[in-house]
Amino acid sequence: MAVKILYFAWVREKVGKAEESLDVPAGVETAQQLMEWLKDRGPEYAEAFARANVIRVALDRAHVKPTASIAGAREIAFFPPVTGG
Amino acid sequence: MAVRVQAEDFDVGVEIRHLMQGRTDVGAIVTFTGTVRGESGGRPITRMTLEHYPGMTEAELERVENEANARWPLQASLIVHRIGALAPGDNIVLVVTASAHRQAAFAAAEFLMDYLKNRAPFWKKEETPDATVTWVEARQSDDVAARRWEVPDEGST
């Protein structure tokens with residue numbers, strides 16, 4: 001099923017796009033696995049997700065741990081730690 | 001209770017007047033205003049740009065505000081956060097809390113800022129005079145500041 005994937009801040013700059021719709025294969029079950037899968041899509045992804053351990057994840061606009069299941073999510077966002085305020 | 005994300009500047013006095021319109025149950029108003037510093041780690045800053053996650057930002061600010069209202073008896077609260085290009089000295093964020101007594105207003109304002117810095121999806125980018133642009137790194141101290149508000153697990157002291 002197609003999922004909307006969003007990138008913000010330096011993740012967006014490195015990937016080279018703000019959002020895309022991707023067909024995620026069934027074996028990719030968690031946000032962490034999705035980052036690993038994205039890395040194989042090209043050098044820009046490999047670079048963006050090289051420090052996957054610092055990248056934060058939101059599923060349908062709510063913070064989750066990278067180990068969270070992405071089953072049923074319509075919108076998945078990847079971004080650096082937030083720096084507002 | 002209200003949250004706003006906007007490119008435009010805000011006026012603290014105007015916001016307080018709106019918040020207080022027709023109210024006589026408030027005895028204390030606390031405001032916090034965050035502004036753009038002209039230097040960062042010893043380097044001068046000429047410009048700051050704020051990116052955010054439309055939709056999630058508002059949802060997250062509302063969650064943070066609901067949490068503050070659940071913890072303290074607030075009569076009113078407001079969070080305004082700016083986005084886009086800002087210059088040193090410009091306003092970035094405004095938090096206003098109103099309560100019958102000052103303790104709740106002070107504590108809730110501090111909580112709102114600590115939680116917002118840790119959870120609201122904003123990212124700051126800084127530009128120096130030689131046009132070098134860097135994303136601001138999250139501070140460990142902000143994590144620590146947010147964690148002190150965590151409710152201890154049952155059974156722990």
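**Close-up 1. Ala109(B) and the residues it touches in the predicted model.** Leaving aside residues up to four places away in sequence, Ala109(B) is in contact with Val30(B), Phe32(B), Val95(B) and Thr97(B). Ala109(B) itself sits in helix H3 of chain B. Is Ala109(B) buried or exposed? Ala109(B) counts as buried because 23 other C-beta atoms lie within 10 Å, and the cut-off for a buried residue is 20 or more.

**Close-up 2. Helix H3 packing with helix H4 in chain B.** Here H3 (residues 102-119) meets H4 (residues 140-147) at an angle of about 130 degrees, and the axes are 8 Å apart. The two helices are therefore oblique to each other, and H3(B) passes H4(B) in a left-handed crossing. On the H3(B) side, the contact is formed by Asp114(B), Tyr115(B), Lys117(B) and Asn118(B), while H4(B) brings Asp142(B), Asp143(B), Ala145(B) and Ala146(B). Sorted by class, this contact has four charged, three nonpolar and one polar residue.

**Close-up 3. The side of chain B that touches chain A.** In this view, 20 residues of chain B are in contact with 14 residues of chain A. Helix H2 (56-71), H3 and strand S9 (122-127) of chain B each give two or more residues to this side. Which element gives the most? H3(B) does, with four residues. By class, the chain B side comprises 13 nonpolar, three polar and four charged residues.

How values were computed
Residues are numbered from 1 along each chain as its sequence is written. Chains are lettered from A and ligands numbered from 1 in the order in which they are written. This is a predicted model: local features need pLDDT of at least 70, side-chain atom pairs count only at pLDDT 80 or more; totals for chains, interfaces and linings use all residues. Axes are lines fitted to C-alpha atoms, for helices over the stretch in contact, and angles run from 0 to 180 degrees between N-to-C directions. Angles under 35 degrees count as roughly parallel, over 145 as roughly antiparallel, 65 to 115 as roughly perpendicular and the rest as oblique. A crossing is left-handed if the near helix is turned anticlockwise from the far one by less than a right angle, and right-handed if clockwise. Two residues are in contact if their C-beta atoms, placed from the backbone, lie within 7 Å. Ala, Val, Leu, Ile, Met, Phe, Trp, Tyr, Cys and Pro count as nonpolar, Asp, Glu, Lys and Arg as charged, and the others, Gly among them, as polar. A residue is buried if 20 or more other C-beta atoms lie within 10 Å of its own, exposed if 12 or fewer, and partly exposed in between; C-beta atoms are placed from the backbone.
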